[in-house]
2 protein chains.
Amino acid sequence: MLAQHDEAKAKIIDIARKIFSHFGFKKTTMEEIASASRKGKSSIYYYFNSKEEIFKAVVEKEAEELKEELHSGISEIDDPIEQLKVYISIRMQKLKKLTNFYTALKSEYLTNLEFIEDIRKNYDDDEVRMITIIIQDGIDRGKFAVEDPYLSAVAIVTAMKGLEVPFFFSKEPVYFEDRLNDIVNFLFYGIIKR
Amino acid sequence: MLAQHDEAKAKIIDIARKIFSHFGFKKTTMEEIASASRKGKSSIYYYFNSKEEIFKAVVEKEAEELKEELHSGISEIDDPIEQLKVYISIRMQKLKKLTNFYTALKSEYLTNLEFIEDIRKNYDDDEVRMITIIIQDGIDRGKFAVEDPYLSAVAIVTAMKGLEVPFFFSKEPVYFEDRLNDIVNFLFYGIIKR
DNA sequence: CGACTATTTGACAAAAATAGTCGAATCGTG
DNA sequence: CACGATTCGACTATTTTTGTCAAATAGTCG
């Protein structure tokens, strides 16, 4: 029973996700989500209270996906230096694909939706936390030399944010790996103990 | 004066084209076209009488583009067999990119716009006409053996239409050139004089 | 079967978004 | 400065869209 219900919900979220990805929150209509789900519009309201609620579910799912991918990506690695590299690489490449989550983080227009604030704050905290752990680990193992791992984490997050625009929107295909290496190396030579 | 005016119009058409390409006719708003053009909405109405008129201009421009590309593509070639191959190849690849023109040709939803009918009819006629000429030329030079070049042209156009869906919408990257060659060859062995 | 719950839907009202109008302001140029 | 070209803000009428509700249907379990 519950399983059925949740499955139906999950299906709707999946479908809505695709439509939101293409048309964004505003331009996507309940009618479209419904007919793509082979349901009447009212049926969608049986599962969700509002369009906003669906969007929230979509965004949260994307955020979850990113988090999982980051975790499983770095958990396979032992060396903190490599971990940091992989973290940055995955985060930049994956975030680019999570359009709904990304616009949830960035769009001016969405700021008035209440849950957006939470998402943003949570994500920021999460990200700093994860990187702090990696750095702290690096310090413990004598690989990184920084005063305050938290501050370094914030710096790295800031750097990544700055890179989003050129990476996501530049017209020429960006040679991501190359550039990424440059940047990571640059960061590291201020960080790595010699 | 006129030059200025037409230039401004052309710029609007270009910008509108991009937006229409992404969001389609219905979901594109005049406000968006305007602000992307760095103008007020009313200013757009100074140049065009309606959204429909802009869309029409966009579609016509795309149709023009296709026509030109086809003409210049085959005009460089002498051999009718090659001409036909190139025609089919260009038409399939280019049409895929001309989203507005393509949806103008196909979309159920747009059928109620008056000018759409004209566009469709014109395009169909045009296409059959161009291919008929190529085939006729092939017959004259003793390369093709068909009773009625017009009927063959219609057949080829029909075949191309049938190929649109698999080519345009298939998820795996279609190895266009390979497939195209197969199909063209298939057509030809019913056509070419031996 | 038949009572009860879960699900679906169409018709509808209230709210929001949008196309298109108009008159006034501004710009540019002879 | 005078005149046409262009821009724009404020406005209205229309359409679209969200979200509600009550009724219909499907499904389940005693």
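This is a predicted model: local features need pLDDT of at least 70, side-chain atom pairs count only at pLDDT 80 or more; totals for chains, interfaces and linings use all residues.
Of the atoms of DNA strand D that lie within 4 Å of the protein, 55% belong to sugar or phosphate, and the rest belong to bases. In total, 16 residues surround DNA strand D. The closest of these residues are K41(A), G40(B), S42(B), S43(B) and Y46(B).

Three helices each supply at least two residues of the surface near DNA strand D: α3 (41–47) of chain A, and α1 (2–27) and α3 (41–47) of chain B. The greatest contribution to this surface comes from α3(B), which provides four residues.

In chain A, an N or O atom in the side chain of K41(A) is placed 2.5 Å from a base oxygen of DNA strand D.

The domain assignment divides chain A into domain 1, spanning residues 1–48, and domain 2, spanning residues 56–189. A distance of 29 Å separates the C-alpha centres of domain 1 of chain A and domain 2 of chain A. Nine residues of domain 1 of chain A and eleven residues of domain 2 of chain A take part in the contact between them.

Between domain 1 of chain A and domain 2 of chain A, an area of about 820 Å² is buried, and carbon and sulfur atoms give 59% of it. On the side of domain 1 of chain A, I13(A), R17(A) and F25(A) account for 60% of the area buried against domain 2 of chain A, more than any other three residues.

Charged and polar pairings also occur across this interface. Three salt bridges are found between domain 1 of chain A and domain 2 of chain A. R17(A) forms a salt bridge with E62(A), in which the closest N and O atoms are 3.1 Å apart. Five residue pairs are in polar contact across the interface of domain 1 of chain A and domain 2 of chain A. The side of domain 1 of chain A that touches domain 2 of chain A consists of five nonpolar residues, one polar residue and three charged residues.

Note on methods. Residues are numbered from 1 along each chain as its sequence is written. Chains are lettered from A and ligands numbered from 1 in the order in which they are written. Side-chain values use heavy atoms; hydrogens and water are left out. A residue is near a molecule or strand if one of its heavy atoms lies within 4 Å of it. A polar contact is a pair of N or O atoms within 3.5 Å; within protein, one must be able to donate a hydrogen and the other to accept it, and residues adjacent in sequence count only if both atoms are side-chain atoms. Domain bounds come from an automatic or database domain assignment. Contact means heavy atoms within 4.5 Å. Buried area is the accessible area (1.4 Å probe) that two parts lose on being put together, summed over both. A salt bridge is a side-chain nitrogen of Lys or Arg within 4 Å of a carboxyl oxygen of Asp or Glu. Ala, Val, Leu, Ile, Met, Phe, Trp, Tyr, Cys and Pro count as nonpolar, Asp, Glu, Lys and Arg as charged, and the others, Gly among them, as polar.
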